[in-house]
Structures are given as structure tokens and as C-alpha cells.
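Look at the sequence and the structure below. Then work through the briefing, topic by topic.

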Amino acid sequence: MAGRFAPRPTRTTVRGGHVAVGTGVPRQAAGPGRVRDWVPDGPLDLGLVLGPLRRGPGDPTFRAMQDGSVWRASRTPAGPGTLRVCAYGGGVRGEAWGPGAEWLLERLPELLGAADDPSAFVPRHRLLAMTRHRRPGLRLTRSGLVLESLIPSILEQKVTTDEAYRAWRLLVRKYGEPAPGPVPGRMCVMPAPRTWALIPSWEWHRAGVDNKRASTILRAVRVAARLEEAVGMEPGAARARLEVVPGIGPWTSAETVQRSHGAADEVTVGDLHLPGIVGWALAGDRDADDAVMLELLEPYAGQRHRAARLILLSGRVPGRRAPKMPVWDIGQF
């Protein structure tokens, strides 16, 4: 019975990249757009694959619809574009609008995990084996875009996810541009690098972003072209290039390349909660630090990020022993 029903989403599974996607019959989007059909070589769960690209339930660049479709608005090298993806039968259909439509459709298979090899993962723990069995459609996405994952990752430094999601939502809605195509609701493409650079200091403050994180984003967008070149590098080399920018460390670079490169082995270190979650799931050690986490994940070398995602998706976490981190809205000061 345990394997017959999909587990209910929790805060931890959402962090592991779980997005609830409706199971209705996908409908053709209104308005002309470019179309591409693709057939994956195995099970594919759109909510699991694309979930890590969503930054909170109010993300203006992402929508998961009840008809089973997922919408994304991206700033591609060819310009702004909107992509609608839906599964039907054993295939996937992508529809795209805007100057970046061709670019998005060309990379649709990689976005949906075509470059990923789930069979390379060999579970050595019962929890991981059970979670993989229950989540057969999990593949690691490769967006091919660095800045769209880097900037929200910087916003998530040293604050709660709710604070970071709010800052991303406010800044993208105010300084982004409307997503092209017949999008559902108010979707936006994130601002161009120059626009990020021109955001006044008081607007960062109103969005709850302190000067340290804002300054890191400003330094990053000044060398945006060089950072986007990292897509063509191996994940380790890409992380090294990102970390040249002051304010970008191992945590931020790992969170970025996991999405931009589909990096199966780039595990996040320096996280407040992840070591304890991994330690509790694999060894019953809720006080594990980064060193212990890496030791526990060593048997999964080459697939450590996938192992960590499966642990998060399992929902097995230690109980709280202290109050949640307080939320401070610096925009009120």
C-alpha cells in the first residue's frame, strides 16, 4: 500500500524540489507559439524535475497549473521567452513565445533531464531506495542559465526562505518585464543585468535585502556575461568562476550549478539545516555538521546531490528543538 499513493508534500519535500502539478487534461494554450514534442526515455515527473526552479509559491517566473502544465518565464541569450510544458501519454509538449522561444525549445530535453542519468545512482540505504522507488520520475534539470539561479540563491543567503522568496517576488514584479505569450496571471521575466544594476538602494531595503546581499548581486551582474559562460564548463570549474565574485561562496555556487548544470554531485555545504537532516536520515545523528554529512554521502560520490534530494523528498526530518528563526523585515526600519 505504501507505494500506491504519492506522498503528501511537506515543507521539507518542497525544499527538495517538489511542486504540486495538477493531473487534469492539458489544454492547448491560446495564441500562436512555437511547438516541440519530445519523448523521454523513462518516467518523468514535471513537478519534481522543474520544482527546484521555482522560488516560492508566488514566484512571478513560474506557474504550476491544475491542467497539468508548467509555465516558466526566462531571460535567454536570445531575449525574453515563455515556455509552457505539459505531459501527455508518454511524451512531452513544449510551447514557447517571445524572442527566446527557439532557444527554450532547443534546450527543452536538457531542461527536463535528458542529460541526467538516474541509473547511475545506486542506493545503499533503505530510505533512499524507498524514496527512489516512490519518485521514479525524478531527474535533475539543466536550465543552461546561470544568472536566473544565481540571483535568487544570493537572496537566500543567511535569511529564511520566506524572506528570500518575498524579496525575489517584489523585485521581479517591479523591475522585470511582462512575460511574452498568453501567460496565466501576472508572470514576469526577471530583470536584465543592467536593470538589476540600476535598482536604487532604498528599493533593495524595501524588499528586505540587506546591503551585503544587494552588493553581491550588483558585483555579479557587472560580470554577467562572464558568469553565463560558466554554463559550458564542468560544474567544479563553473563554481570556481562564480566564487571569484566577492560574496559568492560554496553554498551559493552549489545551489546555482545544481540548477544551471544539472550537477548530480554538487552537494550544498554551509547550510543551516541540511547536515542535520542528512545525518538524521542516514545515521540518526541530528547534530551532524558538514564534515559528517560529507562522510555519510561519500558512498554516493558522483551522485551526492541526488542522494541529498532524495533524503529531502523522503520527508524524514528530526523534530524541532528550538523556535524557528525569527523573520526580520528590514524594510520596516
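Over which residues does pLDDT stay under 50? Residues 1-7 are the stretch in question, and the model has 2 contacts beyond four places in sequence for them. Here pLDDT is the predictor's confidence in each residue, from 0 to 100, and contact means heavy atoms within 4.5 Å. Where pLDDT is low, the predicted coordinates should not be read in detail.

This is a predicted model, in which local features need pLDDT of at least 70, side-chain atom pairs count only at pLDDT 80 or more, and totals for chains, interfaces and linings use all residues. Residues are numbered from 1 along each chain as its sequence is written, and side-chain values use heavy atoms, with hydrogens and water left out.

**The whole chain**

- The protein chain averages a pLDDT of 92, and 89% of the residues score at least 70.
- The protein chain has 16 helices and 7 strands. These are DSSP runs, numbered from the N terminus: helices are H or I with at least four residues, strands are E with at least two.
- Of the 333 residues in the protein chain, 51% are buried. Buried means under 20% relative accessible area, exposed over 50%, and partly exposed in between (1.4 Å probe, protein chains only).
- Take the contacts in the protein chain with a separation of 6 or more: residues 24 or more positions apart account for 69% of them.

**Helix α10**

- Helix α10 covers residues 211-222, and its end C-alpha atoms are 16 Å apart. The expected span is 1.5 Å times one less than the number of residues.
- At the start of α10, a side-chain oxygen of D210 comes within 3.0 Å of the backbone nitrogen of K212.
- The buried residues of α10 are R213, A214, S215, T216, I217, L218, A220 and V221.
- Their cover includes α6 (147-155), α8 (193-197), α9 (201-206) and α11 (224-228).

**Nonpolar cores**

- A nonpolar core is a set of buried Ala, Val, Leu, Ile, Met, Phe, Trp, Tyr and Cys residues joined through side-chain atoms within 4.5 Å.
- The largest has 32 residues, and those touching the most other members are L147, L150, W196, W204, V209, I217 and L227.
- At least two residues of this core come from each of α6, α7 (161-175), α10, α11 and α12 (235-242).
- Another core, of 20 residues, lies apart from it; among its members are L50, V85, A96 and W103.
- Beyond four places in sequence, L147 contacts P152, M190, P193, V221, A224, L227 and E228.

**Helix α14**

- Helix α14 (residues 274-283) is mostly covered, with 8 of its 10 residues buried.
- Those buried are L274, P275, G276, I277, V278, G279, A281 and L282.
- G284 follows α14, and its phi is positive, near 70°.

**Two buried residues**

- S74 lies in strand β3 (residues 69-76). S74 counts as buried because its relative accessibility is 1%.
- The side chains of S74 and E148 make a polar contact (3.4 Å). A polar contact is a pair of N or O atoms within 3.5 Å; within protein, one must be able to donate a hydrogen and the other to accept it, and residues adjacent in sequence count only if both atoms are side-chain atoms.
- H18 sits in the loop between α1 (11-15) and β1 (34-38). At 12% relative accessibility, H18 counts as buried.
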